[in-house]
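Subject: The structure I promised you

Hi,

Have a look first, then read my notes below.

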Amino acid sequence: MSASMATASCTDDAADECRDDVAALRLKLVAIATILVAGVTGVAIPLVGRKRRFLRTDGGLFVVAKAFAAGVILATGFVHMLHDAQSALTNPCLPESPWRRFPFSGFVAMMAALGTLVVDFVGTQFYERKHRKEAIGVKAATAAAVTATTAAEEGITVISVSPEPEEAADNVKSPMHIVGMHAHAAAHRHSHPHEHGACDGRARRESGPGHAHEEEDEDEDEGGGEVSSHVRHVVVSQILELGIVSHSVIIGLSLGVSRSPCTIRPLVAALSFHQFFEGFALGGCISQAQFRNLSAALMAGFFAITTPTGIGIGAGVASFYNGNSPRALVVEGILDSISAGILVYMALVDLIAADFLSRRMSCNVRLQVASYMALFLGACSMSALAIWA
């Protein structure tokens, strides 16, 4: 008898007392509009406000708001996505072996985080090489132009000799190595600001001409650091969008296939809150990456429509979709686990650590306190929403 009841619960979800298809459809339309507005608003604020003084990406208000958004994303990964994955992969509708004999949700999340690390590393290396080659080309062209101008002024004929391919490769190696050293030095200095006197840079500038060479070295290091920082922002924005979009589709489908207004109502408020701050974090990363307007608009628009699209697809298949079928549970659990791993990695490594271990944060106690408070507040607020959704 218990086996037949379990089978019925896995094949038929029509026993929900709160089921109302008409009311549920109405709420889904409201959810699509509300979540779309929340996502567009969240991602647009950093992009539109990057030229406004109080919303610039180098302003304190932006850093604090980004810390709050990072806390929201971290809680989404740990409290919401990982828990949902665990619930799906240990559902009684799945066979006991292997799903309840091994913690697949944690394992898949761990592998997703490690995979994100590899993608992060490879992407950073690729973009750094690209930027270094472009920088070397610009320097070579500038040097050639200066040489030609000087020679013309002095009446000297300059004969340019093209080096052999092997010799050219050797010549390129040195400047690339120098740029890499500068980027590494800048990153190292950002990680250990007090060892290098980063907070008293202004005092060294005012100490007299005897420190001119230190300023020049610092400017060169910062030049390499700017290239490395720009590359990181490009890679981070793309990987963060991948992680956010992947789980946005899942939560959109979950809401769309629900036929219970009692389930949908709290989800609308929770997902709107979640979508707004995820959009803010993503918009901030896109703004810091300095994409062209078209590319930034495409990335922002793709993020904004993902959850509403998932809701629409879910509403379309709700009449014949069975969320308790083994195939649906496995797919949902695996995708939730992957999303959790990506979000946790991105929140801890590329959002929290990148800002909280920076030189700017270390040199500003007020900013530290405000950012930590915003981080914990964001994480706790998003975690509290798990009570209702």
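Over residues 338-357 the chain is 95% helix and 0% strand, with 27 Å between the end C-alpha atoms. For residues 369-388 those values are 80% helix, 0% strand and 30 Å. (Helices here are DSSP runs of H or I, at least four residues, and strands are runs of E, at least two, numbered from the N terminus.) Both stretches come from the UniProt record, an unreviewed entry, whose "transmembrane region" annotation also covers 29-49, 61-82, 102-123 and 296-318. Such annotations may be inferred rather than shown by experiment, and their positions are given in the numbering used here.

Before you go on: this is a predicted model, where local features need pLDDT of at least 70 and side-chain atom pairs count only at pLDDT 80 or more, while totals for chains, interfaces and linings use all residues. Residues are numbered from 1 along each chain as its sequence is written, and side-chain values use heavy atoms, leaving out hydrogens and water.

Now find helix α2, residues 21-48. Its 28 residues should span 40 Å at 1.5 Å a residue, and its end C-alpha atoms are 39 Å apart, which agrees. Among the buried residues of α2 are A24, L27, K28, A31 and I35; buried means under 20% relative accessible area, exposed over 50%, and partly exposed in between, using a 1.4 Å probe and protein chains only.

Next, the nonpolar cores, which are sets of buried Ala, Val, Leu, Ile, Met, Phe, Trp, Tyr and Cys residues joined through side-chain atoms within 4.5 Å. The largest has 62 residues, and L255 and F291 are among those with the most contacts inside it. Which helix gives the most to this core? That is α9, with 12 residues. Leaving aside neighbours within four places in sequence, L255 is in contact (heavy atoms within 4.5 Å) with residues including K28 and A31.

Last, the aromatics. Rings of Phe, Tyr and Trp (its six-membered ring) pair if their centres lie within 6.5 Å; planes under 30 degrees apart count as stacked, over 60 as edge-to-face and the rest as tilted. That rule gives 10 aromatic pairs. The rings of F102 and F104 have centres 5.0 Å apart and planes at 70°, so this pair is edge-to-face. F68, F273, F276 and F277 form one aromatic cluster.

Cheers

Notes: The expected span of a helix is 1.5 Å times one less than its number of residues.
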